[in-house]
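Visitor: Please take one part of this model and go through it closely. I would like a pocket, and then whatever else can be said about the residues around the chain.

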Amino acid sequence: MDWKTDWGLRGRMAFTMFLLFALYVVFVGALTVYFGDFLFPLVMLGGFAVAQYFFSDKLALRSMGAHEVSADEYPDLHRRIERLSQQADLPKPTVAVANTRVPNAFATGRNKKNATVAVTTGLLESLDEDELDGVLAHELAHVKNRDVMVMTIASFLSTIAFFIVRWGWLLGGDNRQGAPVIVAILVSLVVWVVSFLLIRALSRYREYSADRGAALITGKPGALASALMTIDGRMDKVPKEDLREEAEMNAFFIIPIKAGFVGKIASTHPSTENRIEKLRELEKEMETA
C-alpha cells in the first residue's frame with residue numbers, strides 16, 4: 001500500500017485546533033469575568049477535557065448502544081478488521097457492534113493503540129463482502145489519519161459551550177459577582193456556533209480523505225462507492241425514531257443521519273453523490289496507473 005500523508009488534512013486539523021485554542025482562551029476569560037475567579041473555570045474545563053480525552057470512546061459507544069464483541073461472537077468481522085489493519089499498518093482496534101437497524105459505522109479512540117471500530121447490525125445485514133471491507137477500511141483510515149482524536153478534542157469545547165448556553169441560567173444567583181449570567185451565556189453561544197462550524201468544515205474534508213485512504217487499503221474504490229449508495233438508500237427505510245436517537249453522532253458516522261437536532265442545522269459530511277464521484281475518478285486513476 002502506497003500510503004501518502006494527506007497534508008491538506010493535516011493543515012486543516014492544525015488550523016482548526018489553533019482557532020479552537022483561541023476560542024478556548026476567550027471562553028476561559030469570559031467565565032473568569034463571570035465567576036470572578038480564574039482558577040475555578042480553568043480547573044472545571046481542564047477536568048472535562050481530561051475526562052473526554054480518556055473516556056470519549058466509551059461515552060461514544062454507550063451513546064450508540066454499542067458494546068465490545070469477541071472473535072467468538074463475530075469471527076468474520078474480527079478477521080476482516082485484523083486483515084485490513086495489517087494492510088493499513090495499524091494495530092488491530094477493539095471491535096464493537098450496536099444492535100440497531102440503522103446501517104452505519106464509526107471509529108473512536110484517542111490514538112492508534114486505543115482505537116475502536118464500531119458497526120451496526122443493520123450495516124452487517126446490508127452490505128456484501130467487498131462493500132463491508134470498504135466501510136471498515138474507511139474507518140481504519142480515520143484512525144490512521146489521527147483525525148478521530150482531533151475531532152474528539154475539538155468537540156469538547158463545543159459541548160461545554162452548548163451546555164452553558166442551554167443550562168447557564170441555572171448558574172445565576174442573587175449573590176453572583178461579576179458580569180450577569182446573560183453575558184456568559186451569550187459568549188458561550190458565540191463560542192459554540194464558531195466551534196460548531198469549524199468542526200463541520202473539518203469533518204467534511206476528513207471524509208474525503210478517509211475515502212481515499214480506504215481505496216488505498218483495499219485497492220477497490222468502487223466497492224466503497226457501492227457501499228455508500230447502499231447505506232444512503234437504506235437510510236430512508238429506517239424508522240424515524242431510530243434515526244433521531246443516533247443523529248447526535250453524525251460527525252463520526254460514515255454516512256450522516258439527516259434527522260435530529262444536529263442533522264437539521266448543518267451537514268457534517270459532503271454529499272454522497274460527490275463522494276461517489278471522487279471514488280469513481282480514483283478508480284479510473286488506479287486502473288490506468
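Guide: The second largest pocket has a volume of about 400 Å³. A pocket here is an open set of points on a 1 Å grid over the protein atoms alone, where a 1.4 Å probe fits and protein lies on both sides within 12 Å along at least five of seven lines; lining residues have an atom within 4 Å of a point. Grid points are joined across faces, edges and corners, and the volume is the space filled by probe spheres set on them. The lining of this pocket has 18 residues, and the closest to its centre are Tyr-208, Arg-212, Gly-213, Leu-216 and Leu-282.

The model is a predicted one, where local features need pLDDT of at least 70 and side-chain atom pairs count only at pLDDT 80 or more, while totals for chains, interfaces and linings use all residues. Residues are numbered from 1 along each chain as its sequence is written, and side-chain values use heavy atoms, with hydrogens and water left out.

Helix 7 (181-218) and helix 11 (272-288) each supply at least two residues of the lining. Helix 11 gives the most, with seven residues. Helices (H or I, at least four residues) and strands (E, at least two) are DSSP runs, numbered from the N terminus. By class, the lining has seven nonpolar, three polar and eight charged residues. Ala, Val, Leu, Ile, Met, Phe, Trp, Tyr, Cys and Pro count as nonpolar, Asp, Glu, Lys and Arg as charged, and the others, Gly among them, as polar.

Now to another residue. An unreviewed UniProt entry lists Glu-139 for "active site"; such annotations may be inferred rather than shown by experiment. Glu-139 lies in helix 5 (residues 129-145). Glu-139 counts as buried because its relative accessibility is 0%, where buried means under 20% relative accessible area, exposed over 50%, and partly exposed in between (1.4 Å probe, protein chains only). A polar atom of the Glu-139 side chain lies 3.1 Å from the backbone nitrogen of Ala-107.

Ala-107 belongs to one side of strand 3, together with Ala-105 and Gly-109, while Phe-106 and Thr-108 are on the other; all are buried. Strand 3 (residues 105-109) and strand 4 (residues 115-120) pair in the antiparallel sense over five bridges, and two strands pair if DSSP finds at least two bridges between them. Ala-105 has Val-119 of strand 4 as its bridge partner. A hairpin of five residues joins strand 3 to strand 4.

How values were computed
A polar contact is a pair of N or O atoms within 3.5 Å; within protein, one must be able to donate a hydrogen and the other to accept it, and residues adjacent in sequence count only if both atoms are side-chain atoms.
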